[in-house]
Amino acid sequence: MPTAETAAARPAPLTRDDIPGWFFRLDRAAFGHLLAAQTTAGVAGDILELGSYLGRSAVLLGDHLRPGERLTVCDLFDSEAGDADNAAEMAMSYRKTLTRSAFEANYLAFHTTLPEIVQAPTSVLADGRIPAGSCRFAHIDASHLYEHVAGDIAVARAALAENGVVALDDYRSEHTPGVSAAVWEAVFTGGLRPVLLTPMKFYGTWGDAAAVRQVLLARDWPAEGYTVDDDTIAGGQVLRLNYQVKAPVQQSAPRRLALDLLPPVATRATRRVLRTLRERRAVRPVPTS
Ligand SMILES: C[S@@+](CC[C@H](N)C(=O)[O-])C[C@H]1O[C@@H](n2cnc3c(N)ncnc32)[C@H](O)[C@@H]1O
């Protein structure tokens, strides 16, 4: 398990991209757009994140706090999980890198004050400590186990105000069927209305889905390099956003050879393209650092 010394030894992030995690350009744009639109419309409320890891998404959520609003993050960080399956998830994906102090250092590299931190299983939030109806946005990105995600969705539902938005990570990844089960259960039996699907995240509301849709449609996504598609699910309209992929340019044999021989620094652009392709396919990558 990493120690506080390991975390302190890590250089402070200079940019948000320096924070390891799984929060990519398209979802950053969607979060930013939805939160900024709420602020512009005079919608005030707290923000809730379940599963913060090293702070990559929490830092962006913190960017959108207005005076009087509060961001609460809940994560196990370096605490023990409450059950064996969750402990196995933690050991496989997070234990080597995650400490609460590393989260705090990353967050404080971009904000002057820490959010409210609940270092515990997200199930503790079922005790009602987040006032009912107090939040305008909730991000669920913690355990991938069905029972946990179903509980997290119930927490978000109680916490969100009437037209609040919930974003759920990993709703369609091959290795997270429990998240898919909980999300679609909430849709078909719990009144959650889908408004937006990206390769990584599901966005929905228990409020006015048409209003959230109008907010999303107000942005020229194609001009920024994204595809926009429209689907109908059980009579409800849902947008899909994804990355535009440029057709690969045919390389001549000498050019291919030159690329092969380039030093590592010159492969950065290639890596950028590969990262975009990977995000588009939503294959869960190693966290970027
Ligand atoms: C996928 S990471 C979060 C990534 C982060 N939102 C980002 O965008 O970089 C999942 C996080 O959930 C936390 N986690 C897993 N199970 C949990 C549980 N039962 N309660 C609270 N946190 C949990 C892990 O410690 C980990 O930090």
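In this predicted model, the axes of helices α2 and α3 come within 10 Å and cross at roughly 25°. Axes here are lines fitted to C-alpha atoms, for helices over the stretch in contact, and angles run from 0 to 180 degrees between N-to-C directions. Helices (H or I, at least four residues) and strands (E, at least two) are DSSP runs, numbered from the N terminus. α2 and α3 are therefore roughly parallel to each other, given that angles under 35 degrees count as roughly parallel, over 145 as roughly antiparallel, 65 to 115 as roughly perpendicular and the rest as oblique. Their crossing is right-handed, a term for a near helix turned clockwise from the far one by less than a right angle, with anticlockwise giving left-handed. Arg28, Phe31, Gly32 and Leu35 of α2 make the contact with Arg56, Leu60 and Leu61 of α3, where contact means heavy atoms within 4.5 Å. These residues divide into four nonpolar, one polar and two charged; Ala, Val, Leu, Ile, Met, Phe, Trp, Tyr, Cys and Pro count as nonpolar, Asp, Glu, Lys and Arg as charged, and the others, Gly among them, as polar.

Residues are numbered from 1 along each chain as its sequence is written, and side-chain values use heavy atoms, with hydrogens and water left out. Because the model is predicted, local features need pLDDT of at least 70 and side-chain atom pairs count only at pLDDT 80 or more, while totals for chains, interfaces and linings use all residues.

Helix α2 (residues 25-40) has a further partner in helix α8 (residues 209-217), with axes that come within 10 Å and cross at roughly 110°. This pair is therefore roughly perpendicular, and α2 passes α8 in a right-handed crossing. On the α2 side, His33, Leu34 and Ala37 meet Val212, Val215 and Leu216 of α8; five of the contact residues are nonpolar, one is polar and none is charged. Helix α3 (residues 56-63) in turn packs against helix α5 (residues 100-108) at an angle of about 40°, the axes being 9 Å apart. α3 and α5 are therefore oblique to each other. Here Ala58, Val59 and Gly62 in α3 meet Phe103, Asn106 and Tyr107 in α5, a set of four nonpolar, two polar and no charged residues.

Turning to the sheet, nine strands form an open arrangement in the order β3-β2-β1-β4-β5-β7-β6-β9-β8, with mixed pairing; two strands pair if DSSP finds at least two bridges between them. β3 (116-119) and β8 stand at the edges with a single partner strand each, so one side of each is left without a neighbour in the sheet. Neighbouring strands are turned by 20° against each other on average, direction ignored. Antiparallel strands β8 (residues 226-233) and β9 (residues 236-243) are joined by eight bridges, and Tyr226 stands opposite Tyr243. Two residues lie between the strands of this hairpin, where Ala234 takes a positive phi near 45°. Strands β5 (residues 160-169) and β7 (residues 201-205) also pair in the antiparallel sense, over four bridges. α5 lies across β2 (71-75) and β3, running at about 165° to β3.

As for confidence, the protein averages a pLDDT (the predictor's confidence in each residue, from 0 to 100) of 89, and 83% of the residues score at least 70. Over residues 1-5 the pLDDT is below 50, and this stretch has 10 contacts beyond near neighbours in sequence.
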